[in-house]
Amino acid sequence: MKSHAQVVVIGGGVVGASVLYHLTKAGWKDVMLIERAELTAGSTWHAAGGMHTVNGDPNVAKLQQYTIQLYKEIEQISGQSCGVHITGGIMLAGTQERMDWLKMAKARGRYLGMDLEIISMAEAKKLAPLMDEKHFIGAMYDPIEGHVDPYGVTHAYAKSAQIGGAEIVRQCRVTDLLQHLDGSWDVVTEKGTVRAEHVVNCGGLWAREIGRMVGIELPILAMEHQYLITDDMPQLVGQKEQLHLIDFEGEIYMRQERGGMLMGTYEKNGVPWSPKETPWDFGQNLLPDDLERIAPELEVGFKHFPAIETAGIKKIINGPFTFAPDGNPLIGPVKGLKNFWVACGVMAGFSQGGGVGLALSNWMVQGDPGFDVWGMDVARYGDWATLAYTNVKVRENYSRRFRIRFPNEELPAARPLRTTPVYGELKAENAVFGDYCGLEHALWFAPKGTPAEEEFTFKRSEAHEHVGAECRAVRESVGLLEIANYGKMEVTGPRAADFLSHVMANKIPDVGRMVLTPMLNEQGKLIGDFTVGRHAADKFFLVCTYAAEVYYMRWFEKHLPESGVTIRPCAMEYNGFSVAGPNSRAVLQKLVGEDLSTKAFPFMTFRKMNVGLMPAFVGRVSFTGDLGYEIWVTSDYTRALYNALTDAGAEFNIRPIGGRALNALRLEKSFGTWAREYRPIYGPYEAGLGRFVDLKKNDFVGRSAAVKEKEAGGALRLVTFDVAALDADAIGDEPVWHDGKVVGWVTSGGYGHSVGKSLALGYIPKELASVSSGFEIEILGERRAAVKLDAPAFDPTGSRMRA
């Protein structure tokens, strides 16, 4: 074993082998993989090996497509068969709600280039004769589904990596990781120490233990997972290989395994395995069978597929797999640890392993994953994702693996976890709460005396009319919104202004002012959307997306100068409220001594002042598109500020509003939001943010790419549509049609209550940006006419915000 390497990959499962291969493919040859036992010795060896392209996140779906296409490449390089069986697959729907979900999945697949097809049960029965079709109402067929040989795939990656120059060391456990001042690492093993520039944690079942070596607690948990293989079945003799099947009602997946069938389930009562520590001596072992635990699911499966019930059971597999709380992988660099990377929690390794390896290798070699991987980025979790929280949420996610997640559904596990000081007051107002990064926030307010509940649906729910009333309160008088779930950061120091000018695309505001600014990566793509307020020469208050706080801090650390700047995330230290609507100035003026007239306190002013008895930051800005103010106080003043605002607003019938109303109001103004309209696959000019990019500055990150985008015009344009919807609105990821062809996709949508329109924001080719007619948006499988708007639906001149 050599003593130095550019990269050490820890873990020899399918993910580690994929990362190793992709690093060599990207040109890094001085790389090695260290495995505690043999390749595949963790979860990989006992995996069912299923692969599919459908995923709820379109960006993850793209990487799954790449993974499946990659198998031919690594077979050719390595000479190792991957045991690929492309049988095609069917997803079966037993309810109309599930059928609607399949229609949405098919629609999403249109702009991803997926050849999905909704089929009748008569057609499904021909393709999958083992089923009893009376239990289902419809199905979706995917020609690119099947299974692979886990051993073959992993060794094909490994051999291809070795041919590319990589070294693989087996039977060698990593016992410690020590970082040097220059950022390099000592990888301490049972066979000696390797000095490495980069370390990649692909530890699988042991990823937590590897993380603990460097002082982090990764939010992953292993769950016991069972599947069975039947004896040979006479119904399969002489037949074409059976398709891969997913039975959502039975929460079962199934495929052919030689002369029998393999049937697995994600049961409701899932059991964590080794929830606190993974024993190092756990090898290629299986766990004790527990068919009783999955008996309810098997009973449904046997009813839906009667031939399985009469077949004998040849083998039962019960083995552990790791999951993150939301079921997606954890990949990327870890904040605060130079050159330490993770690629773990990849439950669907044979659908996602190739894409994970590609994205991570791009990130390491080129500084950017090359794709939008936010849904897999380890930075999406903060310190609130503790070991206990992870345990609860993983078990919930596991039990829902094949269940519908409705767009208005809030999951109950680990709630309430984090609350603000006015949680009780909002609850007394009959708030229906949502969960955002473990924080409770009001979605909408049910009428007093009625249950604060909502029926889950793909269509407009009973909340529709009440959200509408909240929106009209803002447009007609004044609304009060708690905005504690915004991200906040303090940036201070003598070089703070220079630093912010370097990482932000817009100019830096003068003292007493604020600006809206994108943040770009080196490729000129959107990685952030900030409001920057300046209350002193060397003191700034940033408002951003709270879910991306760790993501932003990781980026800032990468670009910080050695001295002169301090950045402090403070989202939960500052709570705040937005007052918005034509009477918002009158409400706030009752509480402050300063003149709030437009002449004295114009749009985008930002100052420290007392609001009632409370010291606060006040900015004249509002995401509603109406006259409004954001008021920030430290958390100890939150309840007093809430009471002061509600008392001052009583004569104006001030009304509490929730996040649903805010979303509807921002759609009326065509305001985008990060993680929907603004993501690392879009440039600022494509996203309509060009007016917030100051090209007069010569040194900000991404400037050169932004100049090129402005000159070339980019490929896309973010536009707003007025949709002829019925009882269901666009929510995001629906295809946009024009003249019978799919030309784009929706990023977010909903109903604009104060303008009486169903609205959708989305991207289309720039060549169509001047066209208004001929568009359609596919909602629940039905194409609805859509008109592209040339201006926001509400107050297109912006006069209300500046009044």
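Modeller: This is a predicted model. Start with a charge over a ring: Arg401 lies over the face of Tyr266, 5.7 Å from the ring centre. Tyr266 also belongs to an aromatic cluster, together with Trp101, Phe248, Tyr253, Phe323, Tyr398 and Phe402.

Now the ring pairs. A search of the whole structure gives 39 aromatic pairs. One of them joins Phe541 and Phe606. This pair is stacked, with 6.2 Å centre to centre and 15° between the planes. Phe541 sits in strand β27 (residues 539-545), and Phe606 in strand β30 (residues 606-611). The pair thus links distant parts of the chain, 65 residues apart. Phe541 has 1% relative accessibility, so it counts as buried. Phe606 has 3% relative accessibility and therefore counts as buried.

Next, Tyr551 and Trp674. Their ring centres are 5.4 Å apart and their planes meet at 50°, so the pair is tilted. Tyr551 lies in helix α14 (residues 549-559). Trp674 lies in the loop between α17 (659-668) and α18 (703-712). The pair therefore ties together parts that are 123 residues apart in sequence. Tyr551 and Trp674 are both buried.

Terms used. Residues are numbered from 1 along each chain as its sequence is written. This is a predicted model: local features need pLDDT of at least 70, side-chain atom pairs count only at pLDDT 80 or more; totals for chains, interfaces and linings use all residues. Side-chain values use heavy atoms; hydrogens and water are left out. Rings of Phe, Tyr and Trp (its six-membered ring) pair if their centres lie within 6.5 Å; planes under 30 degrees apart count as stacked, over 60 as edge-to-face and the rest as tilted. Helices (H or I, at least four residues) and strands (E, at least two) are DSSP runs, numbered from the N terminus. Buried means under 20% relative accessible area, exposed over 50%, partly exposed in between (1.4 Å probe, protein chains only). A charge sits over a ring if NZ of Lys or CZ of Arg is within 6 Å of the ring centre and within 35 degrees of the ring normal.
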